Amino acid sequence: MHSMESINAEFERQNAKRARYSSLSLVDKTQALAKLRNRFVWSLLYTSLGIYFGLLIAVLEFPGVMSLSVYGELNLGLLVVVIQFALTIATFWGYCAWAERAYDPKAADLLRSALAQSNGDGHE
Amino acid sequence: MNDLISHGGLRIIAFVGFIGLSLILTGWSARRSRGTSGFFVAGRNLSPFQNGLALAGDFMSAGSFLGVTGLVALFGFDGIVYQVGFIAGWIMIMLIVAEPLRNCGKYTLSDVVALRLRSRGVRAATSGSSLLISLAYLLAQLVGGGALASLLLPIGTNAAIVLIGVLMIAYVLFGGMVAATYVQIVKAVLVWAAGAVLVLLALAHFSFDVGALFNKARLSSLHPAQYFVPGGYFKDPLDTLSLALALALGTAGLPHVMTRFYTVPSAVAARKSAKIGLIVMVSFAVMMIVLGFSATAIVGPAAILATHSSGNSAITLLATTLGGGAGSAGGELLLACVSAIAFATILAVVSGIMISSASTISHDIFGQLFSASGDKERRQVVVAKIATIVFGMAAMGLALLVKTFNVAFLVGLAFAIAASANLPVVLFSMYWRRFTDRGAVAAVLAGTLSSIGLVLVGPAVIGAKGIIFKDVTPPFWLSNPGLFSIPVGFIAGWIGSLTTRANAGGASFDAQQLRMLSGLGAEAASEH
């Protein structure tokens with residue numbers, strides 16, 4: 001088990017070395033992975049919540065339009081509900097597919113690097 | 001046999017059967033919940049499938065099973081807004097909270113924040129807001145559950161509240177998180193299966209013609225022209241938006257939901273459990289909507305309103321009718337099953353809230369704030385068990401005191417505090433380098449006080465539909481404060497942080513990011 005104190009100490013050591021060595025440090029790798037993850041998940045989150053609130057405001061603002069029939073008893077309002085459920089599932093499926101393909105291998109690599117460096121293999 | 005049917009004997013057998021099964025599960029769980037990690041988070045050994053079902057179980061509450069179905073039955077489209085809001089809340093949990101939380105936390109939501117912000121003030125603030133949320137949610141569930149159980153069982157509201165409270169305390173006291181989770185899993189399977197059977201029977205009633213079912217529902221409703229369009233229940237669009245905001249953002253700040261992500265061995269398992277939970281939740285939400293429409297189409301709104309003014313009995317009336325009507329063997333059998341399952345949903349949800357509250361009291365307040373040294377881990381379980389009895393009894397006593405009031409607003413308040421106080425702190429601590437102790441305390445205080453304050457001066461408490469001053473116009477016009485309290489919480493956290501120097505003492509932001517992303521230093525699952 002690695003305590004946060006030991007991880008902190010490792011980061012301080014790495015930060016001190018950063019100025020002297022050009023190789024990719026643990027700090028750089030962490031920041032690069034954080035940037036990769038944040039860029040994807042926050043974009044997806046803003047888009048999904050944007051659509052959710054956009055659809056909700058449309059429903060509240062234009063209740064008359066929502067009564068327009070799409071097919072039989074299915075009107076625009078009920079279609080919006082179906083779209084919202086489908087969107088939530090699609091959002092998470094998209095995230096899971098991305099995470100398994102692009103994120104998990106990099107996270108595992110970061111963990112290996114961190115373990116190697118904390119065991120002393122990372123000394124330049 | 002006829003006596004058994006006519007006197008609700010089948011219902012009593014079903015209730016006693018479920019209570020017996022849940023107590024057997026608790027006894028079995030007691031052996032598996034040894035140690036601190038075993039008691040608080042089931043040793044982090046649950047599979048994604050088990051945790052997914054338990055997460056979905058938290059969503060499939062009596063409020064969803066009985067309340068939302070009744071709202072859909074009586075008001076059509078507007079009843080669906082709740083279901084959509086709850087489901088949308090999972091987008092945030094799945095994308096930016098579940099996995100980081102699993103890697104950064106230990107037993108409670110406060111642990112995540114405490115990784116970087118170690119002052120006692122921050123721990124006190126976050127544990128205080130978590131307890132308030134749990135108490136508000138628990139009270140609403142106990143009062144609502146007591147009223148519902150007294151409808152379904154041949155006992156009064158007081159006895160129902162005491163029965164629910166005592167069973168809740170017993171599950172957590174003897175079986176910890178393992179018992180609370182397995183009761184939740186069994187209930188999730190039962191309630192989902194009951195929903196599926198009823199949907200099949202309802203569709204069979206219309207020869208599996210969905211269009212015919214919807215058409216009959218609309219024509220049978222109180223206002224056919226308005227049934228499938230918004231505006232039947234929610235009259236103020238801004239209030240609806242405020243509610244939707246709290247539902248979409250507040251779920252990610254509910255302590256009893258978030259604690260569930262600590263019960264799996266890794267962040268990837270947390271993601272998988274959220275995926276399974278989402279499938280179960282969405283399918284359940286769709287089934288409840290169909291059942292709401294079916295209740296209006298088959299039972300009719302007049303019969304639903306005659307039994308309960310808010311429509312809570314829609315699903316039990318539908319079950320009775322689909323089974324062959326009141327007094328028939330099929331009708332009574334279905335009613336007994338649905339009633340016992342509704343009771344199970346109440347018990348499972350309150351048990352989940354109870355274990356989360358006990359963790360907060362024991363781990364955050366006793367373990368971190370008042371206990372100086374010694375064998376803190378071992379003592380935390382003892383304290384948690386005492387807290388379970390005291391907090392459980394207090395909640396039960398309060399529920400008995402306020403049972404005559406309409407406390408449904410407490411659920412909205414719990415979501416508002418979760419979104420306005422807990423969420424800013426959790427998000428800022430995980431994603432903002434500049435976040436400081438003062439920012440965290442400011443966010444929690446501002447978010448909590450604004451949520452409570454606005455509810456106290458709003459129509460849920462003051463005015464014709466409120467609890468006091470029935471002939472006074474409430475100073476604040478929205479029932480749901482989220483539209484204002486959520487920005488207040490975030491802005492307070494932001495200003496509080498920018499007006500103080502960057503933090504020292506806790507883990508650095510980079511070290512926390514490493515743990516959050518790679519799992520280095522994250523709490524491991526205990527050995528079997």
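Axes are lines fitted to C-alpha atoms, for helices over the stretch in contact, and angles run from 0 to 180 degrees between N-to-C directions. This is a predicted model, in which local features need pLDDT of at least 70 and side-chain atom pairs count only at pLDDT 80 or more, while totals for chains, interfaces and linings use all residues. Residues are numbered from 1 along each chain as its sequence is written, and chains are lettered from A and ligands numbered from 1 in the order in which they are written.

**Helix packing in chain B**
- The axes of α5 (residues 62-75) and α16 (residues 329-370) of chain B come within 8 Å and cross at roughly 130 degrees; helices (H or I, at least four residues) and strands (E, at least two) are DSSP runs, numbered from the N terminus.
- α5(B) and α16(B) are therefore oblique to each other, given that angles under 35 degrees count as roughly parallel, over 145 as roughly antiparallel, 65 to 115 as roughly perpendicular and the rest as oblique.
- B:Ala62, B:Phe65 and B:Leu66 of α5(B) meet B:Ala342, B:Thr345 and B:Ile346 of α16(B), where two residues are in contact if their C-beta atoms, placed from the backbone, lie within 7 Å.

**Overall form of chain B**
- Chain B has 21 helices and zero strands.
- The radius of gyration of chain B (taken over C-alpha atoms) is 23 Å, close to the 24 Å that the globule rule (2.2 Å times the number of residues to the power 0.38) gives for 528 residues, so chain B is as compact as a globular protein of that length.
- Of the 528 residues in chain B, 65% are buried, a residue being buried if 20 or more other C-beta atoms lie within 10 Å of its own, with C-beta atoms placed from the backbone.

**Chain A**
- Chain A contains four helices and two strands, in the order α-α-α-β-β-α along the sequence.
- Buried residues make up 23% of the 124 residues in chain A.
- Buried positions in α2(A) include A:Leu26, A:Leu33, A:Arg37, A:Tyr52 and A:Leu60.

**Interface**
- In the interface, 44 residues of chain B are in contact with 47 residues of chain A.
- The largest share of the side of chain B that touches chain A, 11 residues, comes from α6(B).

Conventions. A residue is buried if 20 or more other C-beta atoms lie within 10 Å of its own, exposed if 12 or fewer, and partly exposed in between; C-beta atoms are placed from the backbone.
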